[in-house]
Amino acid sequence: MPNFTFSTKPPQSVRADVLVLPIFEGLEPGPGVRPVRGVDLVALYEAAGNKGKRGEYLIVPNAGLDGVEASAILLLGVGKRDDAGPDACRRAIGKVARQLSKRARVATTLPQIAGRAFDEAVQATVEGVLLGAYRFDRYKSNSNDDTPKLREVAILGGARADARSARTAINRGQVIAESQMWARDLVNTPALDLPPAELAREAQKMARQVGLKAKIWSEAELKRGGFGGILGVGQGSVRPPRMIELRYENGSGAPIALTGKGIAFDSGGLSIKPADGMEWMKSDMGGAASILGAMRAIALLEPRLNVIAAIPSSENMPSGSAIRPGDVLTHRGGKTSEVLNTDAEGRLVLADALAYLAEQGPRAIIDTATLTGACMVALGDEVWGAMGNDRQLIRDVLAAGEAVGEPGWELPLYEPYRKLIDSEIADIKNIGKRYGGAITAAFFLREFVGDIPWVHLDIAGPAFSDRVGDYWPKGATGVPVRTLVRYVLLQAGTRRR
Ligand code: BES
Ligand code: ZN
Ligand code: MN
């Protein structure tokens, strides 16, 4: 992991292998470009066919650049001047992060484009450098060909920049990006190597490293505790379920409660999925991974409040011991559900965890889950769906997501649809009609939170990407780790310190 520093030195006088300077769409030079003498950087950039679009770059070797100490300048298109905020920084530098990691020392003025949002832009720049260089090559037998060489990244501020707040932003960006990459690793790991017990071990190891309390619920303990959903979904697999309970304690008052869907692999169970694309279902613990990543970051950033997480993990497999369509499960707290489709399993495991968290009397509950294909159909693969029972909480979480470049959009819990999950023989059934599938899934979850403020994030789209993005390769994205951390930090008021 490279070392990030902050400095108010003039860009020309910084020693580095490459100095990254921004340029806006329309070829308007960004901070640090004009002072460079001896060559017309903007003209060179334009001559190479660039317009300043986000990520369009040109490397100019330092052959006679007057007074410039860096060995090369990388002119980096950042898009429109009007959009020059933290997200533009994250995306622009994310796109060249692989280029940068071939060098040892990098310096950049990039966050200065964001003006008064400088600190946020510093954080986003650090995130972009790290997240954009992320690769999952653990399973490549010769992965050392392009080992990253990046050792030092100097973030350059204008003369009046506040060094102390910039260093806080650097630290925050580093912790959050590392946590998000760790979540990506969990999601990208093949299900063969990450059964519920192994996910729990990884969580426990992380908890020890960052100082969280951890309790892993065994199958027997889940049985004694009445967690019929987690057990029912897991009973078709030879690899038994777990529940991961983590506690972060650093304040007084009711905790924020978090949970995430942790299906180690979703074959659909007896209501088996088609073969096409089933390999993606190793990512069906993306919700769990995002909560674990967020808990890691929270523990390291030390906001003054309490957070509790209870993460259910089962593997959904078809077998002689699997649950059948028509079976009825009894959840934690006693509510029953009729399982009419074993592929609607996420809500069954989350129900138990939500009921357990509601017992703890939290101030709010947030769950994240790769819950429905219907949500992907509605919002596409970059936007998560938000549904909940509390306007303020929904607003706060949507605002957090927007601020960190992980956008969500609200879908309505339209009350007349609630009856779609009425069951003939149990309290509720686990599927509705064909339409409105994201909403009926959320109604199912709502049954288990009582009157506690709650919001559900359906991340089926953004958790996993089938194409390269600005700062993510194909595969796991780690969404919405940044959103969760932002929300929790704001609740503690630490961002205004
Ligand atoms: N894990 C899936 C949802 C999913 C599908 C996530 C595609 C990411 C990509 C979930 O368990 C599921 O199978 N949902 C069903 C529900 C249906 C049976 C009511 C779905 O969306 O089709
Ligand atoms: Zn699933
Ligand atoms: Mn499923």
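**Exercises on a two-metal site**

The manganese ion (ligand 3) and the zinc ion (ligand 2) lie 3.1 Å apart, and Asp266 coordinates both. The pair links distant parts of the chain: Asp266 is in strand β11 (residues 262-266), while Asp343 is in the loop between β14 (336-339) and α10 (346-359), 77 residues apart. The model is predicted.

**Exercise 1.** Determine which residues coordinate the manganese ion (ligand 3) and how their donor atoms are arranged.

*Solution.* Step one: the donors come from Asp266 (OD), Asp343 (O), Asp343 (OD) and Glu345 (OE), at 2.0 to 2.2 Å. Step two: along the sequence, the spacing of these donor residues reads D-x76-D-x1-E. Step three: the six donor atoms subtend angles of 70 to 169° at the manganese ion (ligand 3), so the arrangement is irregular.

**Exercise 2.** Classify Asp266 and Asp343 as buried, partly exposed or exposed.

*Solution.* Buried means under 20% relative accessible area. Asp266 has 3% relative accessibility and therefore counts as buried. Asp343, with a relative accessible area of 22%, is partly exposed.

**Exercise 3.** Describe the surroundings of ligand 1.

*Solution.* Step one: ligand 1 is surrounded by 16 residues, the closest being Lys273, Asp284, Asp343, Glu345 and Gly373. Step two: the shell divides into five nonpolar, four polar and seven charged residues. Step three: oxygen atoms of ligand 1 lie 2.9 Å from a polar side-chain atom of Asp266, 2.8 Å from a polar side-chain atom of Asp343 and 2.7 Å from a backbone N or O atom of Gly373. Step four: ligand 1 taken alone exposes 520 Å², of which the protein buries 77%.

Note on methods. Residues numbered from 1 in each chain as written. Chains lettered and ligands numbered in written order. Predicted model: local features only at pLDDT ≥ 70, side-chain atom pairs only at ≥ 80, totals over all residues. Heavy atoms only, no water. Donors = N, O, S within 2.8 Å, 3.2 Å for Na, K, Ca; no water. Tetrahedral: all angles 85-135°; square planar, octahedral: opposite > 155°, others 65-115°. Helix = DSSP H or I, 4+ residues; strand = E, 2+ residues; numbered from the N terminus. Buried < 20%, exposed > 50% of the residue type's maximum accessible area, 1.4 Å probe, protein only. Near = heavy atom within 4 Å. Polar contact = N/O pair within 3.5 Å; in protein donor to acceptor, adjacent residues only side chain to side chain. Areas by Shrake-Rupley, 256 points an atom, 1.4 Å probe, with all protein chains shown as cover. Nonpolar A, V, L, I, M, F, W, Y, C, P; charged D, E, K, R; others polar.
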